[in-house]
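Please examine the sequence and the structure shown below.

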Amino acid sequence: MYSFKEIEAKWQKYWEEKRIFQAKPDSVRKKYYLLEMFPYPSGKIHMGHVRNYTIGDVAARFKMMQGYNVLHPMGFDAFGQPAENAAIKNKTKPDIWTHKCIEWMEIELKKMGFSYDWGREVSTCDSSYYKWNQWIFLKMLERGLAYKKASSVNWCPSCQTTLANEEVVEGGCWRCHAKVEQRDLEQWFLNITAYKERLLQDLSQLTHWPPRVLSMQSNWIGRSQGVVIYFRLKDTDERIPVFTTRADTIFGATYIILAPEHPQVRQMIKGRPQEKEALKFIDKVARESKVIRSSSDVKKEGVFTGSYAVNPVNNETIPIWIADYVLMEYGTGAIMAVPTHDQRDFLFAKEHGLPMRIVIQAVGHRPSAIDQITEAYEGDGVQVNSVQFDGLPNQEAKAKIAEWMEKTGIGKVETHWRLRDWLVSRQRYWGTPIPVIYCKKCGIVPVPYQDLPVELPVDAPFTGEGGSPLNKVKEFVETACPKCRGPARRETDTMATFFDSSWYFLRFCSPQFSPAPFDQTQAKYWMTVDQYIGGIEHAILHLLYSRFFTKFFKDLGMVDSDEPFARLLTQGMVLKDGEVMSKSRGNIVDPDSIISKYGADTLRLFILFAAPPEVELEWDDRGIEGAFKFLNRVWRIQENLKDKADPEVIRFLHKTIKRVSQDFTDFKFNTAIAALMELTNVIYQSGADKEVYANLIMMISPIAPHFAEELWQILGAKESITGASWPEYDPAMLVEDTVTVVIQINGKLRSKIDVPVDISEDKLKGLVLSDEKLSPWLQGKPPKKFIYVPQKIVNIVV
C-alpha cells in the first residue's frame, strides 16, 4: 500500500514552495482561464465543493500538460447574512468569524491538492475588493443605471430589520417569531432592464452553454409579443389593462385574475363583503416566495374581490379574482383566465366552480362537452365560439384578433418583458456600504472617488436586534456633505452579495491592481473565462448579473468581450441514500474523514468515476474502496517493469491515449478512468516497460496528482509532472493488423475467422472453404456464390 499521507503532504508543500501554479501572461503559449464558482466561506468544505473543484482541477491540469498557460484562481464570496447569523450565535464579529472560516477552508482546499494560484486569492469582504464594488456603483449612478425607489419588503418590527422570504417562517421572524409585516422602503435598484435586448440576443453567442441554462435565462428575461386588452371595471370607466400572448383565446375568458399586489385591488374590495377575507389573503401572499407562487406543482389559491369586469370583445360581465400565481413582475399584473386552454386556469376554475368556454377545437376531434373536460387543451386548432373569427386556424386568428383590437381601440399590440430591475439594497451590516451621502441642502450626493472605500466600522454593536448596526454607529452615519460641507448622513444600506460575485472573475486577472477594479491589459489577455463550472442553482441570477456587468464594462471601454464565460458546465449534486447531503438529514459524509483514511487522490478518483459531471452522484462507500485498490494496483506495477513492452501493450497504450485525451476534452472523466483501468488490466496480463508506465502515470496525474508526482519522481524525473507534455498517440499504432470476418452460409451465422486486414479475396476463400467447422454445411460441394464484404463479412450460398 502506498503511503498517501506522507506523499500528499510532501507534494502540497513542493507545489506551494515552487509556486508551480502561479500564472503570468505569456505571449508564446495559448492562455486558458478556468474558473469554478467561488464558495461562501462556511469553514468546512462539503462533497459538493469536492466535486465541483475536482472537476475543474482535472481540466486545469490537463490543459497545463497540453501546453496551455492556465489561470486557475480561487477566492471567497465572503459577505452575506449567514456570517451575521453565525456571528450572533457565536458571540463574535462577522469579520472575525468570516476570516477564521476562510483560514479553515484554505487548509481544506489545499489538502485536496487543487492547482490554485493562491497568490491571486480575493475575499469580497476585504475593503481592497469592495472599494471597487463602490466604484462600479458610482459609475452606474453617473449613467442613470443606479436609482432609488420605494419597494415592498418583509419587515420584523421586533428586530427592526428586513427579512428574506426564506427567513419568514409560518408568518413570523425566524429569529424572534414576531409577526412579519410588509413595509414600503426606499431602496436602491440597478437598471438591468436597460440591457434586456442585449442580454437576450447575446444568448445566441453562448454555443458552449447547456441548452437548459440558456432556456432558463431566456425565460427569466421573458420577451413576450402580445396584446394589452382593456377590460373595464363594471359600472365605471376605469380600465383594467390585461396583457396576453394568447389573443386567440380572448372569447373564452370567463374571469380575470389580479396579482394581490395590484394597485387597483384595494379600491375594488373597499366596503364590499369580501374585503376582510381579501385583505387577509393579500397579507398572507405578500410573505410567500414568488418562486413558490409561480411553481407549477403548488396548489393555486385565490379569493373573489366582489367586483366584476366587462370583456371588451363581447361585453360579457365576468368576475374579478385575486390569486397567488399572478405576479406584478410579469405583464400588467393582471391576466384573463381561459380555463379551457390554460392548465393553471383550469385547475383554479375547477377548485372554485368558475365557468368555462371552449374557443379552440383540435382539428379532427369532435367537440367536447364542458363537463367532460379533464384538462385544458393548450394546442393548436380552429376557432369556435369566437364570432367573426370562427373557423380560422388559431395562429392566424391570433394575428387578426390583435389587429382588430388595435383598430377598434380595445387593445394594443405590445412587447412585454419578465425581467425587472435588480434590487440591490440590503438593510444589513455584513455587506458593501452603498457609497451615497444624504444632505438636506444638496440631496443625494455620491461619495467622491478619492474617498473610497467607505469602510464598514468594525466596532458596530452586533446583536441581530433593533435594525442595522450601521445606524447605531454615530461616527459612521454622521458626516459632511462633499458638496456644501454641511452636516449630512451616510447611507446605511449595504449591497446584495450578488453584486460582489458579478465581476470577481475580472478581479482575478489582476487582484493587487490599485488604480482600478482590474488592469485592462491583464483582462484583455485572460478574458473571457474559457471554462466556468458551478451548480445549476446559479443558472439564472448569478450568471445573468455577471453578463450584465460585463456588458457594462464593455460600454465603459474596459473590456473587449460581450460575454464573461465562453463555456459553462453545471455539475450535479452529491446524494446519499437518494437525498442531497445535509446536516438535517444526517447523511453528511465529511471529506476530512475520507482523506484521513484513503487520501485526497482516492477521493478525487472516486468523485470523478462515480458519475458523469452533469448528473447527480450517489455516494457509495464501496466505490471509495475500489478507487483506493485501483491506485494501489497502479503503484505496484513499478515492481515488475520489463525492458521492452509487448507490441500488443504498446498498441493498447496508444488507443488509451486517444480515448483518454478525447474524454478529458469532453469532460467525460468517468469513461477516461474506465479506459485507464482497462490499460492497467492489460499491463497486469502482459507487463509494461518504463515508457508505457510513464504514459499511464501522466494520464492519471490530473486525477491523482500527488500519487502521480511521486511515481514520476521514482521513475527518475527531476521536475514536476505538471510540466510534462501530455502523451500523444501514433495514428499508425491504431491500425489493426488483423480483423474478424463473420461467415454466413445461406444467410445464417456459422463461424468467425481472424485474418490479416489486407488479405486477398482468393486467399480468404481458400481459408474459408477449407475450414473443417463449416464442412457440415458445405458438404464438400463448390458454393453457388461467394460474396465478400472486405474486413466485415462473407456470405456463401450453397
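**Cysteines**

C439 is buried, as its relative accessible area is 8%; buried means under 20% relative accessible area, exposed over 50% and partly exposed in between, for a 1.4 Å probe and protein chains only. This is a predicted model, in which local features need pLDDT of at least 70 and side-chain atom pairs count only at pLDDT 80 or more, whereas totals for chains, interfaces and linings use all residues. Residues are numbered from 1 along each chain as its sequence is written, and side-chain values use heavy atoms, with hydrogens and water left out.

- The closest cysteine sulfur to that of C439 belongs to C484 and lies 3.7 Å away, which is too far for a bond.
- The structure holds zero disulfides, a disulfide being a pair of cysteine sulfur atoms within 2.5 Å.
- C509 also counts as buried, because its relative accessibility is 1%.

**Helix α11**

Helices (H or I, at least four residues) and strands (E, at least two) are DSSP runs, numbered from the N terminus.

- Helix α11 spans residues 343-352, and its buried residues are D345, F346, F348 and A349.
- These residues lie on the same side of α11, because they cover an arc of only 170° around the axis; the arc is that of the directions from the helix axis to the C-beta atoms.
- An α-helix has 3.6 residues a turn, so residues three or four places apart point the same way.
- The cover over the buried residues of α11 includes β10 (255-258), β11 (302-311), β12 (316-323) and β13 (334-337).
- At the N-terminal end, D342 caps α11, with a side-chain oxygen 3.0 Å from the backbone nitrogen of R344.
- The residue that follows α11 is G353, which has a positive phi, near 65°.

**Strand β8**

Two strands pair if DSSP finds at least two bridges between them.

- Strand β8 (residues 223-233) is largely enclosed by the rest of the structure, because eight of its eleven residues are buried.
- β8 runs antiparallel to strand β16 (residues 411-417), and seven bridges join the two; G226 has E414 of β16 as its bridge partner.
- Strand β9 (residues 239-244) is also antiparallel to β8, with six bridges between them, and V228 stands opposite F243 of β9.
- Five residues separate β8 from β9 in a hairpin, and D235 in the turn has a positive phi of about 65°.
- Two bridges pair β8 with β11 in the antiparallel sense, where L233 stands opposite A309 of β11.

Technical notes: Contact = heavy atoms within 4.5 Å. Polar contact = N/O pair within 3.5 Å; in protein donor to acceptor, adjacent residues only side chain to side chain.
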